[in-house]
Amino acid sequence: MASNNASNNDNKSLTHELLSRAHSPDSTNRIFAEKIQHRPLFLKPTSPPPSSNARDARIKARAEKKKKCAKALKPKPLSARLRRKLGLYDIPKDGQKYAVFEPLNRLWLGYIREILGSELYSGGQGAAAKLSAADYHGAEVEVSRSGCPSRVGIQGIIVKDARFVFEIITRKNQIKTVPKEGTMFRINVPPAQDQDQNEGDGTTQDRKPFTFEIHGDQFQHRSADRATKKFKQHYLKNL
């Protein structure tokens, strides 16, 4: 005890000596009493938290661990090369039938009639802009002109509208891959039958199918990209 008291006195005298070099005796005593001798020392509790907080902490830790495990088990998306290798873009052999895609063609006819509206019978620049941004999956097309004469006359339903090619299924249940470059495609949109039956006059019955042609050189875009692309009018030397 005597040694501890002696060391405390030495520390106190040393502290007083250092403070007295910069402050007056009264200030030295006051600073020592407030800042050093009676200064509260806050200690971080080391005891375990209450039971309720501990339970919440365990639940939170368990949830975070489960989240990390789920994230680690989540499979990575397949690359385009791997999807092609696995044949995810290919139509199976048992599905390569023209009759399978006829309902898709009827669905597309309703879609294109709804897009064109009254311009289905008048045409014009408004119809051209809508047709440029339309989706052609399910449209029945015919190759009217092509740089390869053997492709002329191919007719069927588009089953895949890729960036550079149309995949067409013919009535003979054959898949034909036709490049868009250097090829023109003709599409016929017949008038809606329900309009003919409801109106009952000769005007709708005498209307001819709405026929237009697609220049494949200007359609070398994916259908999703073409929907937001603005086509500009310019001179085409190949026409």
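Predicted model: local features only at pLDDT ≥ 70, side-chain atom pairs only at ≥ 80, totals over all residues.
How far apart are Arg30 and Glu34 in helix α2, in residues and in helical turns? The two residues are four apart in helix α2 (residues 25–37), so about one helical turn separates them. Arg30 is partly exposed because its relative accessibility is 44%, a value between the limits of 20% and 50%. Glu34 likewise counts as partly exposed, with a relative accessible area of 48%.

## Overall make-up

The protein has 239 residues, of which 25% are buried. Its secondary structure consists of ten helices and six strands. The accessible surface amounts to about 17800 Å², and carbon and sulfur atoms contribute 53% of that area. Among contacts with a separation of 6 or more, 53% are made by residues 24 or more positions apart.

## Salt bridges

The structure contains five salt bridges.

| Pair | N to O distance |
|---|---|
| Glu17 and Arg21 | 3.5 Å |
| Asp161 and Lys180 | 2.9 Å |

The bridge between Asp161 and Lys180 has its closest N and O atoms 2.9 Å apart. This pair links distant parts of the chain, since Asp161 belongs to strand β2 (residues 155–161) and Lys180 to the loop between β4 and β5, 19 residues apart. Are these two partners buried or exposed? Asp161 is buried, because its relative accessible area of 6% falls under the 20% limit. Lys180 is also buried, at 0% relative accessibility.

In the salt bridge between Glu17 and Arg21, the side chains meet at 3.5 Å, N to O. Glu17 is partly exposed, with a relative accessible area of 40%. Arg21 is exposed because its relative accessible area, 65%, is over 50%.

## The β3–β4 hairpin

Strands β3 and β4 form a hairpin with five residues between them. The two strands run antiparallel and are joined by five bridges. Within this pairing, Ile168 has Lys176 of β4 as its bridge partner.

Which residue in the turn has a positive phi? It is Asn173, with a phi of about 60 degrees. Asn173 has this positive value although it is not a glycine. The residue is located in the loop between β3 (165–169) and β4 (175–179). Its relative accessibility of 38% lies between 20% and 50%, so Asn173 counts as partly exposed.

## Strands β5 and β6

Strand β5 (residues 183–189) pairs with β6 in the antiparallel sense, over six bridges. In this pairing, Val189 stands opposite Phe210 in β6.

Phe210 also takes part in an alternating pattern along strand β6 (residues 210–215). The side chains of Phe210, Phe212 and Ile214 point to one face and are buried.

## Asn105 in helix α5

Asn105 is located in helix α5 (residues 98–116). With a relative accessible area of 11%, under the 20% limit, Asn105 is therefore classed as buried. Which residues does Asn105 touch, leaving aside those up to four places away in sequence? They are Gly138, Ala139, Glu140 and Ile157. With Gly138 there is a polar approach: a polar atom of the Asn105 side chain lies 2.9 Å from the backbone oxygen of Gly138.

## A nonpolar patch on the surface

Four leucines, Leu78, Leu82, Leu86 and Leu88, form a nonpolar patch on the surface. Together they have about 350 Å² of accessible area. Leu82 belongs to helix α4 (residues 80–86). At 34% relative accessibility, Leu82 is partly exposed, because this value lies between 20% and 50%. A residue must have over 30% relative accessible area to be part of such a patch, and Leu82 has 34%.

How values were computed
Residues numbered from 1 in each chain as written. Heavy atoms only, no water. Buried < 20%, exposed > 50% of the residue type's maximum accessible area, 1.4 Å probe, protein only. Pairing = 2+ DSSP bridges. Patch = residues over 30% accessible without salt bridge, like charges linked within 9 Å, V, L, I, M, F, W, Y side chains within 5 Å. Areas by Shrake-Rupley, 256 points an atom, 1.4 Å probe, with all protein chains shown as cover. Contact = heavy atoms within 4.5 Å. Polar contact = N/O pair within 3.5 Å; in protein donor to acceptor, adjacent residues only side chain to side chain.
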